[in-house]
Amino acid sequence: MKELRIRTLAGLFVVAGVLSWGGARLWDALGTLPGVPVAAPIVLGAIAAVLLATALSLRARLKAQRERQPEAKGVDPMMAARAVLFGQASALVAALVSGMYGGAGVFLLAERSDVPARGDQAIYAGAAVVAGITVIAAAVFLERVCRLPEDDDDDHPPATAA
């Protein structure tokens with residue numbers, strides 16, 4: 001499994017933001033503009049909390065396992081792989097969604113700040129961007145927790161079959 005690349009996530013964020021900003025301009029030219037739901041930052045925050053709780057739980061279990069504590073509960077490798085996969089998928093979606101809300105929020109602040117209701121929408125969009133970045137940070141932390149330790153046998157090549 002490949003690690004998340006911050007450059008990839010940042011690229012997704014920027015591309016989604018630019019497309020969203022352009023889409024918001026086009027939509028506004030047609031006379032309407034979709035709203036930013038209040039639930040967007042709440043849902044992203046909940047996903048970040050689940051990812052963080054999973055990472056902290058796995059980190060504690062792995063630490064207890066490394067220290068060979070007698071009551072240590074082992075970590076199933078498939079469960080850890082699924083957790084990392086969930087984190088990576090969440091980070092990719094959060095980068096897209098955050099970029100989308102970021103582009104809409106920039107449009108609302110720059111072009112339509114004279115309408116009071118749009119100011120509230122810009123606040124919701126900004127909160128969604130912050131929550132999305134929190135999801136990305138929690139996913140990267142989860143990935144780092146589940147990383148396998150490096151092999152120390154680099155100076156001893158594996159034995160070959162005769």
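1. Basis. Residues are numbered from 1 along each chain as its sequence is written, and side-chain values use heavy atoms, with hydrogens and water left out. In this predicted model local features need pLDDT of at least 70, side-chain atom pairs count only at pLDDT 80 or more, and totals for chains, interfaces and linings use all residues.

2. Salt bridges. The whole structure holds three salt bridges (a side-chain nitrogen of Lys or Arg within 4 Å of a carboxyl oxygen of Asp or Glu). Glu3, Glu143, Arg144 and Arg147 are linked by them in a network. The closest N and O atoms are 2.9 Å apart for Glu143 and Arg144, and 3.4 Å apart for Arg147 and Glu3. Arg147 lies in the segment after H4 and Glu3 in the segment before H1, so this pair ties together parts 144 residues apart in sequence.

3. Glu143 counts as buried at 8% relative accessibility, whereas Glu3 is partly exposed at 43% (buried is under 20% relative accessible area, exposed over 50%, partly exposed in between; 1.4 Å probe, protein chains only).

4. Helix pair. The axes of H2 (residues 39-66) and H4 (residues 116-145) come within 8 Å and cross at roughly 15° (axes are lines fitted to C-alpha atoms over the stretch in contact, with angles from 0 to 180 degrees between N-to-C directions; helices are DSSP runs of H or I, at least four residues, numbered from the N terminus). H2 and H4 are therefore roughly parallel (angles under 35 degrees).

5. Exposed leucine. Leu26 is in helix H1 (residues 6-29) and counts as exposed, at 57% relative accessibility.

Key. Helices (H or I, at least four residues) and strands (E, at least two) are DSSP runs, numbered from the N terminus. Angles under 35 degrees count as roughly parallel, over 145 as roughly antiparallel, 65 to 115 as roughly perpendicular and the rest as oblique.
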